[in-house]
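Colleague: Please go through the interfaces of this model with me, and then one of its helices.

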Number of protein chains: 4
Amino acid sequence: MVVSYDLDPDADPAGLTYTFGGAAPVMSIKPGTALSTWTRDCFAGRVRSASDRVSEVCDPRFINPQTGPFYVEGAEPGDTLAVHFVSIEPREARGVSTTVPFFGALTGTGTTALLHEALPERTWIYEIDREARLVRYSALESPYEVDLPLDPMHGTVGVAPALGEVRNSLAPGDWGGNMDTPEMRAGTTCYLGVNVEGALFSFGDGHARQGEGETCGVAVETAMDTVVIVDLIKGMPCPWPRLESDDFIIATGSAKPLEDAFRIAHAELTKWLAAETGLSTLDAYQLVSQAALTPVANVVDTVYTMTAKLPKAVLKGAAPMGGTHARLRAMAAAL
Amino acid sequence: MVVSYDLDPDADPAGLTYTFGGAAPVMSIKPGTALSTWTRDCFAGRVRSASDRVSEVCDPRFINPQTGPFYVEGAEPGDTLAVHFVSIEPREARGVSTTVPFFGALTGTGTTALLHEALPERTWIYEIDREARLVRYSALESPYEVDLPLDPMHGTVGVAPALGEVRNSLAPGDWGGNMDTPEMRAGTTCYLGVNVEGALFSFGDGHARQGEGETCGVAVETAMDTVVIVDLIKGMPCPWPRLESDDFIIATGSAKPLEDAFRIAHAELTKWLAAETGLSTLDAYQLVSQAALTPVANVVDTVYTMTAKLPKAVLKGAAPMGGTHARLRAMAAAL
Amino acid sequence: MVVSYDLDPDADPAGLTYTFGGAAPVMSIKPGTALSTWTRDCFAGRVRSASDRVSEVCDPRFINPQTGPFYVEGAEPGDTLAVHFVSIEPREARGVSTTVPFFGALTGTGTTALLHEALPERTWIYEIDREARLVRYSALESPYEVDLPLDPMHGTVGVAPALGEVRNSLAPGDWGGNMDTPEMRAGTTCYLGVNVEGALFSFGDGHARQGEGETCGVAVETAMDTVVIVDLIKGMPCPWPRLESDDFIIATGSAKPLEDAFRIAHAELTKWLAAETGLSTLDAYQLVSQAALTPVANVVDTVYTMTAKLPKAVLKGAAPMGGTHARLRAMAAAL
Amino acid sequence: MVVSYDLDPDADPAGLTYTFGGAAPVMSIKPGTALSTWTRDCFAGRVRSASDRVSEVCDPRFINPQTGPFYVEGAEPGDTLAVHFVSIEPREARGVSTTVPFFGALTGTGTTALLHEALPERTWIYEIDREARLVRYSALESPYEVDLPLDPMHGTVGVAPALGEVRNSLAPGDWGGNMDTPEMRAGTTCYLGVNVEGALFSFGDGHARQGEGETCGVAVETAMDTVVIVDLIKGMPCPWPRLESDDFIIATGSAKPLEDAFRIAHAELTKWLAAETGLSTLDAYQLVSQAALTPVANVVDTVYTMTAKLPKAVLKGAAPMGGTHARLRAMAAAL
């Protein structure tokens with residue numbers, strides 16, 4: 001059974017959801033529900049042409065609107081929410097990227113506070129060919145064009161944080177949020193520790209694709225049609241968001257400096273591997289050291305996000321997180 | 001006129017204020033009010049003897065209770081709240097410090113995530129001699145005792161954050177919060193940019209004294225009797241908390257890595273100096289480079305805090321922030 | 001023509017090469033030379049069984065011996081050395097990995113100086129099956145075994161540094177050195193800016209494989225039989241080491257914190273892309289942001305190393321670095 | 001007895017000493033020698049007027065010349081060199097400061113590699129009044145002038161590094177080098193661990209004064225007339241440079257990110273305090289946490305330097321480092 005949740009495309013941006021925690025649920029769903037919905041792009045659709053500047057057309061209070069929060073029945077602190085992405089498809093044949101003043105990995109920022117002027121503000125429009133599964137980059141200052149693979153994903157996926165906090169949708173952390181990892185694509189299950197009753201799950205920030213690290217701070221931003229299955233693992237905590245695909249288990253860490261994000265992701269992967277295989281911590285540390293892949297997620301958000309991936313072959317048949325991914329994969333296939 | 005706000009010393013910890021933002025005001029005050037109140041210690045009084053362990057006697061959800069929030073009439077986003085500390089005095093003749101598992105500058109932590117066991121958990125009780133203005137350190141594992149100067153201060157001072165966020169009282173940031181700077185002593189004015197109507201000012205975390213950096217993460221923690229004058233500077237923004245004493249202007253920055261906190265504090269001090277003196281940005285950068293003092297505040301909280309101090313002699317008579325500190329100093333003298 | 005350079009397997013470790021710069025050349029070679037040689041493992045063969053501890057069997061002054069330096073005729077500051085790895089093959093059917101006290105990503109270290117005891121010191125012996133192209137991991141504390149793909153590479157490749165410096169072979173930097181990137185495999189060309197006459201090229205630190213990040217600080221360490229072609233690009237500087245394979249151009253950066261390594265690698269990749277395609281800096285920044293892959297190299301050495309990879313398809317036929325890789329690839333095929 | 005070592009003021013910059021390690025000693029001295037000499041400014045005198053630009057008048061290979069190295073008879077690895085600064089006096093009545101492209105705390109740099117243009121290059125000339133003990137700041141873009149206290153010091157003090165390394169005089173580290181701490185003033189003793197026979201001590205980079213952090217990267221640079229007593233503590237290692245004044249013991253740490261420099265300095269101060277007083281490590285950690293002062297040294301060099309200071313009163317009469325400072329202080333008084 002698929003439940004639909006629709007958005008009003010003409011809603012006032014001021015009334016949308018921009019936080020994890022602190023917002024009333026838009027809908028209550030039972031564990032195991034397949035939810036069909038869509039998400040606005042991170043600019044709420046305000047950047048429409050190459051002449052639109054983010055600093056002119058967007059209100060800084062209303063960036064990165066989320067779809068949700070969804071109240072998951074029975075979810076309690078200490079449980080883990082499992083969100084399986086069944087499909088993620090761009091709603092339109094175009095995406096947009098920009099530079100944003102004092103935002104990005106290769107510019108001074110509000111916290112890497114320097115005395116430079118901002119880099120020039122620019123907007124790039126990408127043509128998206130959903131049939132050919134391509135996005136087309138076109139340079140602004142020369143005739144250079146090149147096609148890149150379409151690889152749709154959600155930059156922002158999360159639940160309400162712990163300790164009574166409410167966090168803006170631009171921030172990543174142990175509640176998920178704006179992790180901006182290209183691993184969050186269709187076919188992947190995301191595990192999130194539940195901090196409050198009902199979990200209060202939201203997501204958004206669709207990217208037609210992004211480079212690892214999301215270097216300039218803005219991916220190929222698009223509204224997305226997305227189907228997720230939302231499930232619950234009772235009594236199993238999950239201190240940091242985890243992902244699982246058919247081929248990999250993936251731990252995440254979000255922190256600054258970037259080596260701390262690396263440390264979190266690898267300490268979590270070590271513990272996860274040990275838990276699934278019975279390896280001692282030192283033996284798991286050793287195996288992670290030789291087998292992990294480490295694509296960067298983002299080096300641009302309020303804190304940075306790293307992922308640490310382990311091929312499932314290394315697990316020799318162990319079924320991670322109680323076999324949840326395989327189960328949800330089968331449910332998705334049956335939709 | 002002094003307004004009093006009293007706390008119930010027997011209140012249930014679960015009912016206290018542990019966030020900036022997200023809590024209903026306990027009282028409404030007019031700008032210019034002198035407020036006499038007191039603050040619980042960061043453990044809400046739960047650590048009482050050298051055998052008490054934080055991990056055993058405290059609930060992690062109920063650490064660092066704040067007194068407030070106070071709704072300041074007329075405060076709006078874009079204004080600056082000025083909080084002048086008239087007096088800060090330990091309520092009791094003893095303070096407490098501890099190690100806390102995976103918290104502190106010389107241990108692995110939740111974000112500097114390593115595979116070590118936690119350092120041993122210990123509690124030190126300090127005798128406070130309010131007449132002699134001393135706190136007495138006593139070693140646990142040898143008979144060593146030494147007196148240190150009493151230097152009371154508040155570790156946590158802040159307002160509700162921007163962007164609809166609610167932040168735990170353990171976190172410092174541009175809203176103030178858990179900055180843990182020893183500069184926050186009596187005679188000092190703290191400037192905080194207002195993000196929401198009424199500002200929602202709270203404070204707590206009294207320290208009989210602390211070293212710069214608060215290296216182990218816990219100062220000489222005490223309940224405090226405190227008098228503050230709360231005033232408002234209309235129409236003047238303050239992007240990061242500032243302090244002013246009779247002798248210094250002090251900019252703060254809270255971020256990780258620590259060099260980013262340094263950058264924020266010094267970029268803010270440069271801009272502040274330029275604004276008060278008419279110096280160009282580069283001339284102010286040069287003068288800050290030769291004249292600033294840079295005591296570390298904390299290297300232990302969710303992000304780290306640096307302060308950058310400039311002797312007021314460098315300002316050649318300019319009255320910072322429109323002369324607010326001098327005005328509040330005079331009001332305090334007249335109480 | 002292939003020139004051979006052999007090592008004395010019984011040489012006193014004290015007489016080997018442990019620095020970039022500061023060592024007399026062992027041989028002079030002409031640009032275009034194919035050099036067949038071998039490298040000791042990073043422990044100079046001292047760690048032979050699971051009961052050998054690095055802290056007991058190795059002298060800290062004699063870690064990571066290099067083969068070289070080779071004086072490249074005609075190399076001058078401002079030129080770029082191109083080192084094409086024709087083949088890299090383990091000399092033996094076994095490799096070794098260890099934990100080393102206060103070394104690695106998930107432990108306190110000499111610079112992340114904490115008060116913890118060192119993690120336990122352990123040694124793992126890996127069986128290498130050169131026919132099946134596998135390395136076998138065997139846990140120490142449980143019977144777990146798993147095969148991982150053999151993927152031989154050199155952790156340390158470099159030239160003499162600039163500014164008269166001599167750097168230990170444990171350090172990575174703009175001269176190359178101990179970058180520990182798994183991209184340094186056979187079929188790859190490494191570009192290194194020349195800082196002194198003759199370049200003084202050395203390499204070593206063979207790994208049968210490593211995870212990205214080399215998390216515990218030690219890969220599957222082996223002596224290697226290696227053939228390289230060493231060539232020279234006159235009059236073209238290369239500020240940071242670059243790699244090129246048939247499918248990717250790869251920029252590197254080595255620094256702390258890790259975000260600075262990321263920034264260097266991506267700023268260099270942006271400039272490289274702009275230089276090869278005529279894109280403006282901002283257009284190149286945008287394209288890198290959507291197309292780059294970012295595997296971590298190491299988060300354990302004196303500074304950390306990041307790589308930023310761009311699929312050559314993005315270059316639309318441009319021949320990077322004047323077509324050097326393609327030329328050396330052809331030379332290698334003709335050997 | 002005072003030994004003099006004079007420099008040739010007209011020497012070719014290319015022939016001066018720019019490294020720690022790698023240079024032949026200029027003189028051999030016995031432990032206990034008082035050495036009277038002078039040091040060039042960091043630009044070797046090339047920046048002479050407000051119109052001189054560092055990027056135009058200086059060769060990047062010849063920045064920060066050192067006086068030395070001095071071979072100290074009997075010094076061996078495992079000993080500690082004690083350098084007591086008897087007097088440090090500007091040779092001239094003027095000093096110079098500048099901005100330098102991509103160098104400083106509030107600009108992108110070679111490692112915090114961003115896409116900004118360099119900040120404007122400027123030169124400030126300071127008048128030094130040696131009688132009145134003042135340096136006069138004069139703004140370039142407005143008529144602002146202000147006097148600051150003269151506080152002469154040496155930015156660069158060190159010995160040859162370990163592991164056969166040779167390090168440029170712009171780098172700080174465990175060998176000392178370019179620490180740029182304002183604590184290195186007359187009346188202070190600097191302790192440096194010996195890494196090679198003869199220690200090979202050099203120093204330079206005189207500052208008429210600097211702010212803590214040396215924010216723009218350049219202090220009030222001057223040639224200095226300096227008298228030091230060089231002594232040796234046999235058989236006592238010193239893993240990181242230490243300083244001692246009449247009132248404080250001061251540990252240093254040089255690393256990135258800045259929190260690692262903080263960690264090193266505080267871990268060293270903790271161990272030093274424990275060694276002098278018999279306190280356990282945890283008791284010393286606690287006392288450091290409440291009593292240390294933490295002025296930043298530099299946030300601009302190849303790595304950053306922090307100092308951690310403890311008032312000697314805390315030591316209750318213990319004579320640090322075997323009473324060396326008191327002994328050298330007496331020797332200095334008797335000169």
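Colleague: How many residues does the contact take from chain B and from chain C?
Modeller: The model is predicted: local features need pLDDT of at least 70, side-chain atom pairs count only at pLDDT 80 or more, and totals for chains, interfaces and linings use all residues. Residues are numbered from 1 along each chain as its sequence is written, chains are lettered from A and ligands numbered from 1 in the order in which they are written, and side-chain values use heavy atoms, with hydrogens and water left out. Contact means heavy atoms within 4.5 Å. On that rule, chain B gives 13 residues and chain C gives 13 residues.

Colleague: What area do chain B and chain C bury between them?
Modeller: Buried area is the accessible area (1.4 Å probe) that two parts lose on being put together, summed over both. Carbon and sulfur atoms hold 66% of it here, and the total for chain B and chain C is about 1,100 Å².

Colleague: What area do chain A and chain C bury between them?
Modeller: In this interface, 66 residues of chain A are in contact with 66 residues of chain C. Carbon and sulfur atoms carry 59% of the buried area, and the total is about 5,200 Å².

Colleague: Which three residues supply more than any other three of the area that chain A buries against chain C?
Modeller: The share of this trio is 15% of the area that chain A buries against chain C. The residues are A:Y144, A:Y285 and A:Q290.

Colleague: How many residue pairs are in polar contact between chain A and chain C?
Modeller: The count of salt bridges between these chains is zero. For polar contact, with both residues at pLDDT 80 or more, the count is 44 residue pairs.

Colleague: Which element gives the most to the side of chain A that touches chain C?
Modeller: Helices (H or I, at least four residues) and strands (E, at least two) are DSSP runs, numbered from the N terminus. Contributors of at least two residues each include β7 (94–98), α2 and β21 (304–311) of chain A. The most, 10 residues, comes from α3(A).

How values were computed
Salt bridge = Lys/Arg side-chain N within 4 Å of Asp/Glu carboxyl O. Polar contact = N/O pair within 3.5 Å; in protein donor to acceptor, adjacent residues only side chain to side chain.
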